[in-house]
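Visitor: I am new to this one. Could you walk me through how to read it?
Guide: Gladly. Let us look at it together.

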Amino acid sequence: MLTAGLALALTLARAQTPAQAQTPPQVQTPAARRDTPNTDETVAVQRGTRLMVNNFAGEVIIRTWNKDQVHVVARHQPRMKVGIHNSGAIVGITAASMSGASGSVDYEITAPAWMPIRTEGTYNFVTVEGSQAEVFANTVRGDVTIKGGTGSITAKSVEGEVQVDGARGKLTVSSVNHGILITNTSGEIAADSVNGAITMTAIDATSVDASTVNGTITYEGRIADNGHYSLETHNGDLLLGLPENVNATFTIRTYRGSFSTDFPLQGVGQNELQRGRRVTTTLGTGSAEVSLETFGGAIRLRRGTAPTPRRRGGS
Amino acid sequence: MAEVARAAKGDVRAFEALYRAHLPRVHSLVRRMTAGRDADELTQDVFVRVWQKLGTFRGDSSFGTWLHRLAVNVVIERFRTDQARRARMHDGEEIFNTIAGPALTRDIRLDFEAALEKLPDGAREIFVLHDVEGYKHHEIATLLEISPGTSKAQLHRARMMLRKHLK
Amino acid sequence: MTDTWNDRLSEYLDDELTPGERAALEAHLATCRDCTETLEELRAVVARAGALPARGPDADLWPGVAERIENAPAVIPFLTRSRRRFSFTLPQLVAAGLALMVVSGGGVWVLNHGGDATSGPPVAAQAVAGQGGAAAPETNIVPASFVDPRYDEAIADLQQTLQDGRAQLDPQTVRILEANLDAIDKAIDQSREALAKDPANLYLHNHLADARQRKLALLRRAVEMVNKG
């Protein structure tokens with residue numbers, strides 16, 4: 001039944017005329033919709049079950065509790081019908097249009113904290129709060145906000161901000177056009193953007209891999225002994241605020257950018273940093289590996305708080 | 001690790017990233033084991049061997065650990081071609097006297113590393129493997145084809161020599 | 001004459017004595033200041049050894065490694081010949097102006113490691129023919145020889161797929177994708193300009209390759225969005 005439901009939703013989505021496809025449905029937050037919910041159902045679940053929400057357009061808010069139940073509240077136009085399918089392995093939530101073009105559905109879902117969560121959609125604004133399990137959220141247009149999460153956490157948007165707070169585990173985040181904000185997070189981080197900035201504060205990670213084309217990358221947090229950190233951008237700046245007693249080997253490369261620091265680092269003057277030449281310098285025992293690369297931006301390394309980003313046009 | 005998977009499929013850029021990430025530790029191991037002799041060339045040997053054997057990495061240990069073991073094997077294979085190798089395990093006490101006294105520099109670590117470089121070959125290899133790299137005596141015994149007893153004795157000798165260079 | 005327990009101090013430090021030996025040594029330490037001091041010195045040596053920093057070489061060893069591995073393709077066990085892939089170093093591909101076109105499913109992905117050089121022979125095609133004497137009709141790697149305009153043509157294939165399906169996406173999304181592809185193109189152009197003045201610069205080669213991979217990744221993501229409808 002899950003397969004049929006998903007197939008129905010996808011078929012209806014594809015069956016839209018080109019004119020309809022060019023106009024996204026009106027997305028209203030639950031606050032804007034004061035009418036009674038159209039769907040209010042609770043299903044019992046067993047440990048090991050995963051939650052999958054496939055929503056073409058709308059808002060998906062997922063909170064957690066300590067009951068072994070999934071409570072689904074949905075608000076939508078009358079022509080939309082929400083289906084909840086519990087196969088034992090997966091609780092799948094989808095919506096289909098009974099007639100005409102697909103509309104938006106706004107969900108408020110409460111799931112067990114242990115339940116792995118996956119949401120996909122096109123015009124979707126996603127919030128997941130309080131999860132103690134894996135979280136996967138992928139949307140095209142819409143913000144993704146994840147608070148909590150343990151293990152594998154993935155948050156992707158093309159045109160939308162991605163925010164992750166309080167996650168513990170392996171984090172993969174991507175926003176093409178907007179910014180990424182990661183706070184109070186530990187584990188391993190992989191963050192990617194084209195034009196958006198990547199800002200990481202209060203981080204306790206053993207591995208960070210952050211990359212943009214034009215966005216500024218800001219990192220404020222611990223540098224773990226034997227950790228690996230790679231910050232790379234084309235024309236964006238790299239701004240780091242590190243603890244006083246950091247033990248790291250810095251490898252710095254820039255083609256026509258600049259470097260400044262208030263740490264006692266040797267050998268990183270403009271004479272050394274020419275045309276992409278690799279410069280290596282060490283603080284403390286040098287146990288962590290920190291790689292900083294920018295084609296034309298500025299690399300600024302400060303004790304404590306990271307420098308504030310420069311005002312740039314368009315980024 | 002995704003980079004390892006890509007490198008194992010022939011992605012040279014992914015392999016270069018692995019090379020850059022692990023180079024300091026590998027070069028340090030090679031340099032200390034060989035007292036700086038041919039360290040650069042041997043380091044290159046290590047990474048060529050890693051490239052050749054990437055497809056055999058099973059993920060049952062961390063990549064760093066696997067790579068490091070390969071590095072140790074490459075260095076020891078080079079030693080095996082050294083016919084005077086066995087003799088290195090039996091250097092006399094007179095070697096103690098050839099080590100220069102501590103230099104008056106502010107960076108104590110250089111003193112220690114310089115002293116490490118001047119240790120007799122066998123004692124140095126075992127000290128690096130045991131105290132720097134964390135190998136156990138039975139592992140060292142297998143790697144260097146010596147008895148665990150010799151490994152312990154050489155380790156103690158190395159430590160006793162190096163303690164003079166902490167002062 | 002050295003103290004007989006002196007020679008066992010390292011074993012004591014490493015917890016390799018039997019309980020009886022350990023007890024006897026500790027009883028000795030209680031009365032022997034020399035051994036106690038030596039033990040502390042040995043402890044300091046071990047601590048210092050454990051804190052030694054890793055330090056890379058003064059010279060850049062990568063070019064030597066790269067040159068050697070280009071003659072030693074990665075060993076990929078258990079793959080049949082029809083699925084074997086070939087790898088080439090960046091300098092070799094740049095010199096030959098090569099790109100590899102991987103055909104899988106309904107999509108066409110291009111992996112490019114170079115392309116700014118003048119045209120050259122299809123080195124990869126020769127490698128395929130020379131492997132074990134058997135033809136590789138089932139290989140899903142189609143080597144091809146490209147110069148810069150042809151690389152752009154391959155990218156244009158992907159962009160055409162996107163263009164054909166752009167009606168599936170709303171105009172705002174299309175604008176966002178195009179703006180970000182432009183941003184990547186600018187990065188590619190800047191890297192190319194710098195490379196033209198500094199053709200042996202390895203950082204620029206890698207940076208250009210990175211920017212191209214990024215363009216492919218974004219195009220791929222866009223085509224996925226089109227396919228999802």
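**Reading chain C and its neighbour**

Guide: Keep in mind that this is a predicted model. In chain C, of the contacts between residues at least 6 apart in sequence, 61% link residues at least 24 apart.

Visitor: How many helices and strands does chain C have?
Guide: There are nine helices and three strands in chain C. Followed along the sequence, they come in the order α-α-α-α-α-β-β-α-β-α-α-α. Of the 229 residues in chain C, 28% are buried.

Visitor: How many residues of chain C and chain B take part in the contact?
Guide: Chain C brings 36 residues and chain B brings 35 residues. On the chain C side, the elements that give two or more residues are α1 (9–13), α3 (33–50), α4 (62–69) and α9 (202–228). The most comes from α3(C), with eight residues. Sorted by class, this side of chain C holds 22 nonpolar, seven polar and seven charged residues.

Visitor: Where does Val74(B) lie, and which residues does Val74(B) touch?
Guide: Val74(B) is part of helix α4 of chain B, residues 63–80. Leaving out residues up to four places away in sequence, Val74(B) touches Leu42(B), Asp45(B), Val46(B) and Arg49(B). Phe47(B) is 27 residues from Val74(B) along the chain, and their C-alpha atoms are 9.7 Å apart.

Key. Residues numbered from 1 in each chain as written. Chains lettered and ligands numbered in written order. Predicted model: local features only at pLDDT ≥ 70, side-chain atom pairs only at ≥ 80, totals over all residues. Contact = placed C-beta atoms within 7 Å. Helix = DSSP H or I, 4+ residues; strand = E, 2+ residues; numbered from the N terminus. Nonpolar A, V, L, I, M, F, W, Y, C, P; charged D, E, K, R; others polar. Buried ≥ 20, exposed ≤ 12 C-beta atoms within 10 Å, placed from the backbone.
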